[in-house]
Amino acid sequence: IIMISLILEAGILIEQPQIYDAKPADIFTFSYTSGTTGPPKGAMLCHRNFASFCSILVINPDFNLSETEVYLSYLPLPHVLERMGVLAMLYLGASIW
């Protein structure tokens, strides 16, 4: 048994990672297509893409979402719509199943 106070003290001694100050045009993720209508492609999506999506959830009254939401994740995570849904729920503090 380890006392919680010892764990907390040890955590204080660990050097904290440097937080990167992301710019809107910096790459956030890559989204790849399967190439069903042509050759496979990869799209580079920047922070601006995802930040604008999350801002729509906040400023649009039609999206009455909160941290009490539960999101059923069923698309593959490489699918950009699924990534947007997961990111939006993380932004809101909601649950993802």
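Visitor: Where does Leu81 lie, and why is Leu81 called exposed?
Guide: Leu81 lies in helix α3, where helices (H or I, at least four residues) and strands (E, at least two) are DSSP runs numbered from the N terminus. The relative accessible area of Leu81 is 52%; exposed means over 50%, buried under 20%, and partly exposed in between (1.4 Å probe, protein chains only). Leu81 is therefore exposed.

Visitor: What is this model, and how are values taken from it?
Guide: The model is predicted, with local features requiring pLDDT of at least 70 and side-chain atom pairs pLDDT 80 or more, while totals for chains, interfaces and linings use all residues. Residues are numbered from 1 along each chain as its sequence is written, and side-chain values use heavy atoms, without hydrogens and water.

Visitor: Which residues does Leu81 touch, not counting residues up to four places away in sequence?
Guide: Leu81 touches Tyr71 and Leu75, contact being heavy atoms within 4.5 Å.

Visitor: What makes Ser31 buried or exposed?
Guide: Ser31 has 10% relative accessibility, which is why Ser31 counts as buried. Ser31 is in strand β1 (residues 27–32). Leaving out residues up to four places away in sequence, Ser31 touches Lys41, Gly42, Ala43, Leu45, Pro78, Val80 and Arg83.

Visitor: Why does Pro24 count as partly exposed?
Guide: Relative accessibility is 46% for Pro24, so Pro24 counts as partly exposed. Pro24 lies in the loop between α1 (4–13) and β1. Beyond neighbours within four places in sequence, Pro24 is in contact with Cys46, His47 and Arg48.

Visitor: What puts Arg48 in its accessibility class?
Guide: At 48% relative accessibility, Arg48 is therefore partly exposed. Arg48 belongs to helix α2 and, neighbours within four places in sequence aside, is in contact with Pro24 and Ala25. From Arg48 to Ala22 is 26 residues in sequence and 10.0 Å in space, C-alpha to C-alpha.

Visitor: How do you know whether α2 is oblique or roughly perpendicular to α3?
Guide: The axes of α2 (residues 47–59) and α3 (residues 80–92) come within 10 Å and cross at roughly 60°. That makes α2 oblique to α3, because angles under 35 degrees are roughly parallel, over 145 roughly antiparallel, 65 to 115 roughly perpendicular, and the rest oblique. Axes are lines fitted to C-alpha atoms, for helices over the stretch in contact, with angles from 0 to 180 degrees between N-to-C directions.

Visitor: Which residues of α2 and α3 meet?
Guide: From α2, Asn49, Phe50, Phe53, Cys54, Leu57 and Val58 meet Arg83, Met84, Leu87, Ala88 and Tyr91 of α3. By class, this contact has 9 nonpolar, 1 polar and 1 charged residues.

Visitor: What makes up the largest nonpolar core?
Guide: The core has 7 residues: Leu57, Tyr71, Val86, Ala88, Met89, Leu92 and Ala94. The largest share, 4 residues, comes from α3. Such a core is a set of buried Ala, Val, Leu, Ile, Met, Phe, Trp, Tyr and Cys residues joined through side-chain atoms within 4.5 Å. Not counting residues up to four places away in sequence, Met89 touches Leu65, Glu69, Tyr71, Ala94 and Ile96.

Methods. Nonpolar A, V, L, I, M, F, W, Y, C, P; charged D, E, K, R; others polar.
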